[in-house]
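Good morning, and thank you for coming. Please look at the sequence and the model first.

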Amino acid sequence: MNVRRGARYWLDSYAAMLRFDLAAQRNWLPLFALMQILFGAGMAIIYGFYIGHLSRDAALFIVSGSPALAVLTAGLIGVVMMVTERQQAGTWDFIWSLPAPRSAAVASTFTVFTLLAVPGIVVTLALAAWRYGVTLTVSPMAAPALLLSSLMATSVGFTMAQLIAKPLVANAIVNALIFVVLLFSPVQFPISRLPIWLADVHRVLPIYYLGQVLRASVTRGLVSNLALSYAVLAAWTAAAWAGAAWVVARRR
Amino acid sequence: MAGVKPAGSWTHAYWRMVAWDFADLRLYLPVLSAVLVLQGAGLALGVGLLFGTVPRTAAVFLVTGAPVMNLITAGLIFEPQLVAEQRTRGSYEFLQSLPVPRSAAALAWYTVALVTALPAVALTLLTGVARYHLDLTVTPMVVPAMLLTCLTGVLLGLAVAHGVTAPMVAMLLSTTLIFVMTGFSPVALPADQLPGWLASVNQWLPFGPMATIVRGALVSGVASEVPRSYLVVTAWAAGSALVVAWAQGHRR
């Protein structure tokens, strides 16, 4: 039997899976983008409701934190919903049975959702800046910051949903807890307000660093030690890929 | 066929459905209860982080609003998700075909939702009171207020679950509703911190009035227009009951 392998074959499979993902999700993708904008910009606005009267600095903090909210919405809600729906419908079993390397199928899913999240992130930022009347200074680092953040969130969301493997549990966790997770995350307020143990937890989790990387790309002088933030995001992405490789490659 | 009646009395059918729901969801309910505790207590503690020092009004609204979210979430969010999964699996038609009065099945689900929510409500309240050092003046009206709030949430959830037949749309709708409840309704924040138009709209939506009746029974002098809120909530309960009756009664 002639086993097909090699870079050329992988790239062909990857291109075919990209077409498959875009075609299979064509009804769901616009909804995904819409939901992301509504939730990302919505969360930024909600923080204002809870606080009541905002100082100028607090407003800048909230606006520059809003892209992180859009990234997390796409990665945690959007990707998890997509993965669990495919689990319930048995789509993953179908995809794994296709004559394409599983890594190509996963890479295609990551590509589609990473790129798809970007317009939503930009619109969220624009809406939040408009709502609070804040002017931003966008640096050239915004492009790599957006892509790495979105890739990290997509990868972690995908791997988490695949590891939990129980659609009801994954959805319950995501729906009921997403806002609480965001509330306790030092994205919309300085990390110094957290109890020390929780701040330490957030120095390991990716959410704080995601917020830092994105904040630095649209403001000046608020963020320091940026290299560490990039390194942590990259490490989480790599860990999620390792997890995805394990969960996707094992036989059942 | 004339004369075919469900086996046994209505009460008997009710208890059988309660037993059925608990057996069916025995693994799921403890997870839901835990998720509710994290949601309620998490909100009460998390919003506090947005402020340097938490103003007393904000604390009162947070502590009394968070348990209301538990009550609403148990009925309004989990039921559509459960039914969406039943539809995807195909067990929905089977459950509907059981020889049990629909009202008994609905009341059984209300019982299950109460049992799931009440421990979370108590823990959420205790956490909030301990964190912000508040003195609550609990009146006996807390019993009807919480029962009616949970009942309305359950009926709204049943209306979404049985009225919306596409599982994906029902899931998306329940996620959107939890978002509206958390951020765009005066549940855990004073209505005057919302823009004027949104505050007016909320006078006629169910979430704000639900919070008002519960808050009125927990603290004195903060909630206003309590009788009006009872009317609004009751109207939503009755309207939802009609939708449920219609959605379950007509033939497909």
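Predicted model: local features only at pLDDT ≥ 70, side-chain atom pairs only at ≥ 80, totals over all residues.

Let me begin at a single residue: just after helix H5 of chain A, A:Gly133 takes a positive phi of about 60°. Helices, here and below, are DSSP runs of H or I with at least four residues, and strands are runs of E with at least two, both numbered from the N terminus.

Residues are numbered from 1 along each chain as its sequence is written, while chains are lettered from A and ligands numbered from 1 in the order in which they are written.

I return to H5 of chain A, which covers residues 102-132. This helix has 31 residues and reaches 45 Å from its first C-alpha to its last, close to the 45 Å expected at 1.5 Å a residue; the expected span is 1.5 Å times one less than the number of residues.

Now the chain as a whole. Chain A comes to 10 helices and 0 strands. Its C-alpha trace spans about 70 × 35 × 35 Å along the principal axes.

Of the 252 residues of chain A, 48% count as buried. A residue is buried if 20 or more other C-beta atoms lie within 10 Å of its own, exposed if 12 or fewer, and partly exposed in between, with C-beta atoms placed from the backbone. Among the contacts in chain A with a separation of 6 or more, 84% join residues 24 or more positions apart; a contact means that the C-beta atoms, placed from the backbone, lie within 7 Å.

The next topic is the nonpolar core. In soluble globular proteins, nonpolar side chains tend to be buried together. Here the largest nonpolar core has 150 residues, and those with the most contacts inside it include A:Val71, A:Leu210, B:Leu62 and B:Val214. Such a core is a set of buried Ala, Val, Leu, Ile, Met, Phe, Trp, Tyr and Cys residues joined through C-beta atoms within 7 Å. Beyond residues up to four places away in sequence, A:Val71 touches A:Ala117, A:Ile121, A:Ser149, A:Ser150, A:Ala153 and A:Leu210.

How many residues does each chain bring to the contact between them? Chain B brings 27 residues and chain A brings 28 residues. On the side of chain B that touches chain A, H2 of chain B gives the most, with 12 residues. That side divides into 16 nonpolar, 10 polar and 1 charged. In this count, Ala, Val, Leu, Ile, Met, Phe, Trp, Tyr, Cys and Pro are nonpolar, Asp, Glu, Lys and Arg are charged, and the others, Gly among them, are polar.

B:Arg131 is partly exposed, because 16 other C-beta atoms lie within 10 Å. Leaving aside residues up to four places away in sequence, B:Arg131 touches B:Ala44, B:Leu45 and B:Gly48.

B:His133 lies in the loop between H6 and helix H7 (142-163) of chain B. Is B:His133 buried or exposed? B:His133 counts as exposed, with 8 C-beta neighbours inside 10 Å. Its phi is near 50°, a positive value in a residue other than glycine. H7 of chain B, by contrast, is mostly covered, with 16 of its 22 residues buried.

Finally, a word on confidence, given as pLDDT, the predictor's confidence in each residue from 0 to 100. Chain A averages a pLDDT of 87, and 96% of the residues score at least 70. Within chain A, confidence is lowest in helix H7 (residues 167-183), at a mean of 73, and highest in helix H10 (residues 226-249), at 94. For the complex, the predictor gives an ipTM of 0.80 and a pTM of 0.77. Thank you for your attention.

Definitions and conventions
Contact = placed C-beta atoms within 7 Å.
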